[in-house]
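Me: I am new to this structure. Please take a close look at a single part of it and walk me through what is there.

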Amino acid sequence: MSNYTFLDRLYQQNYQEGFDVPDKHLGIDFIEGIFSFLFTPIKEKQETKESLKRRYSNIQNTLSTLLFDIIHDEEIVEQNAALFFDRLPALYEILLTDAAAVVQFDPAATSLSEVFLAYPGFFATAVYRIAHQLQQQNITTLPRLLSEYAHSKTGIDIHPGAKIGSHFFIDHGTGIVIGETTSIGNHVKLYQGVTIGALNVRKELAKAKRHPTIEDNVIIYSGATILGGDTVIGHNSIIGGNVWLTQSVAPYAVVYQKSEIVIRDKFPLPEPLNFII
């Protein structure tokens, strides 16, 4: 294949594939802009309500541009943008419950401002809630673009299709994975390395519930893996670190992995060591 033929094919493919795809850099500008608008403390004296309105208008225009990249119909774009910004106050209120949960339960958190500024778990949760709203409006591609940006920035991978209740608290967060059909209740706390995933990833199950249900007031400690669409973690349960679960757990349960740690001193071990690598 000549260079010309290759470039021609590449152009045609990217043109066809890219026609309904939002601009990646503009998507990042949108999510950073709206997060900053909602959660950055106002420091400058010249920042007025009028300047806030201008910032808000710029964010609205950015979203409309992104939606037009996907929808190509000004009337439908206007309807979807209006719906999103109608829902934004409710998103803001639920995000305040998420931030309040961090301050309440993390002894290292001293204020809401610190959570807004320095907690990757809160940033990932905020991006998830924004992306989830767009997903509910049947907007394609853009929700995934936003969630993958948060994933790349925080190491926390929350699919925008997941359903997550209020007062959601991610501590540390790195390595957390929450699958598309996960359902999480209110007042749930997750620690780093938690996976809430599918037992089977066959393509024909794309429309099925593949991921677990986590009920209210559950704590899941670091490294735990919970799999399967039929798996339900009952309310007020505690799932210990490094637990592997593929079955349901009753409410108020405590699930932990019993491990044995042997520390060798100057005396020989009573049994041989068998290393399997």
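This is a predicted model: local features need pLDDT of at least 70, side-chain atom pairs count only at pLDDT 80 or more; totals for chains, interfaces and linings use all residues.

Reply: Start with lysine 53. Lysine 53 is exposed, with a relative accessible area of 53%.

Lysine 53 has a partner. Glutamate 50 forms a salt bridge with lysine 53, and their closest N and O atoms are 3.6 Å apart. Glutamate 50 is partly exposed, at a relative accessible area of 46%. Both residues lie in helix H3. They sit three residues apart, about one turn of the helix. Side chains of opposite charge can pair when their charged atoms come close.

Now the helix itself. H3 covers residues 49-71, which is 23 residues. From its first C-alpha to its last, H3 reaches 32 Å. That is close to the 33 Å expected at 1.5 Å a residue.

H3 also has a buried set. Ser51, Ile59, Thr62, Leu63, Leu66, Leu67 and Ile70 are buried. What covers these residues includes helix H2 (24-39) and helix H4 (74-105). Helix H6 (120-136) and helix H7 (142-154) are also among the cover.

Then look just past the end.

Arginine 144 is partly exposed at 38% relative accessible area. Glutamate 148 is partly exposed too, at 30%. In total, the structure holds five salt bridges.

Notes
Residues are numbered from 1 along each chain as its sequence is written. Side-chain values use heavy atoms; hydrogens and water are left out. Helices (H or I, at least four residues) and strands (E, at least two) are DSSP runs, numbered from the N terminus. The expected span of a helix is 1.5 Å times one less than its number of residues. Buried means under 20% relative accessible area, exposed over 50%, partly exposed in between (1.4 Å probe, protein chains only). Contact means heavy atoms within 4.5 Å. A salt bridge is a side-chain nitrogen of Lys or Arg within 4 Å of a carboxyl oxygen of Asp or Glu.
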